[in-house]
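Subject: Structure for your review

Dear colleague,

Please find below the structure that I am handing over to you. I would be grateful if you could look through it alongside the notes in this message.

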Amino acid sequence: MSKVVYPPESVYNLIPKEEVHSEKPQRYMSKYRPAVVLEKTSVKDAMRTMGPAKVEVPSPEKYLKKHSKEPKFPEKTQFSNEGRSTCTVKKPAVPARTDNPLMGIQTKRDFIKTATVVPMKPQPTLVDTSKGHKQLLENSGLVPKYIKKKHYGEVPVYLQQRNEEEQRAQEEYNNYVKEQREQGAMSHLSDEDRLAVLEGLKKNWDELHHEYQGLSLVTDNLSKKSQKQRLEVAMKQLENDINLFERFKTIYIPNN
């Protein structure tokens, strides 16, 4: 059975129908096209890569001949000594057999002393590798030459100057503190009080640290972030105070 489907038959299909031609819209053309074409042709030379359009064809009479590309040397001319440069200074002549040598020439050089002089001793070297690498023993650091210097073991001048400046600054600070104490504006903190304050600071730091460790690992809201920042600032301030009390043994506090 055929599966082709035919359209339904009708009388109206016998009436001729007018063909409807769909009009294609006009192709879009930019108004800037002439300017773009002009700009492109102005910066590009014609036939830049392909060569000129018309090339002169060589004539059949000018074919490639044998030995035409070999270099051509100038023609040989007759040799002459006119252009050669002659030497004006001549070597002395060879002495004849009858000529006597010069006698009575003396020298102050002591050949006996030169022959009997003690040869120079070689510098001591050090072999520091299994392949035979050598270096001078004096520059190897194994010779104690620095401890034999004249100023060995003495304090350098720049350290002496720095110690004097520190001592001078300490004296000025002591004088200032003494004047303030005489005026009653400052009082000295005893060792017991300093240790007590130091213990209190460490105890406060331990409490804040315990609270900081109990915070949540995820700071997803503003309150958690602010609490974490507050604890970090407080712990940093306590660490600075503890470092100050441990570093300085003498501490003065104002009376007011």
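Predicted model: local features only at pLDDT ≥ 70, side-chain atom pairs only at ≥ 80, totals over all residues.

I begin with the empty space. Rolling a probe the size of a water molecule over the atoms shows where such space is left. The largest pocket has a volume of about 160 Å³. Its lining is made up of Gln 170, Tyr 173, Asn 174, Val 177, Lys 178, Arg 181, Phe 248, Thr 250 and Tyr 252. Helix H3, which spans residues 157-183, contributes the most to this lining, with 6 residues. Sorted by class, the lining of the largest pocket holds 4 nonpolar, 3 polar and 2 charged residues.

I turn next to the helix pair. Two packed helices are described by the angle between their axes and the distance between the axes. For helix H4 (residues 191-213) and helix H5 (residues 222-247), the axes come within 9 Å and cross at roughly 155°. Angles over 145 degrees count as roughly antiparallel, and H4 and H5 are therefore roughly antiparallel to each other. The crossing of H4 past H5 is left-handed. In the contact of H4 with H5 there are 12 nonpolar, 3 polar and 9 charged residues.

Finally, there is one residue to look up. His 67 is not a glycine, yet it has a positive phi of about 60°. His 67 sits in the loop between helix H1 (33-43) and helix H2 (111-116). With a relative accessible area of 48%, His 67 is partly exposed.

Yours sincerely,
A colleague

How values were computed
Residues numbered from 1 in each chain as written. Heavy atoms only, no water. 1 Å grid on protein atoms, 1.4 Å probe; cavity = no way out; pocket = protein on both sides within 12 Å on 5 of 7 lines; lining within 4 Å. Points joined across faces, edges and corners; volume = space filled by probe spheres on them. Helix = DSSP H or I, 4+ residues; strand = E, 2+ residues; numbered from the N terminus. Nonpolar A, V, L, I, M, F, W, Y, C, P; charged D, E, K, R; others polar. Axes fitted to C-alpha atoms, helices over the stretch in contact; angles between N-to-C directions. Parallel < 35°, antiparallel > 145°, perpendicular 65-115°, else oblique. Left-handed = near helix turned anticlockwise from the far one by under 90°. Buried < 20%, exposed > 50% of the residue type's maximum accessible area, 1.4 Å probe, protein only.
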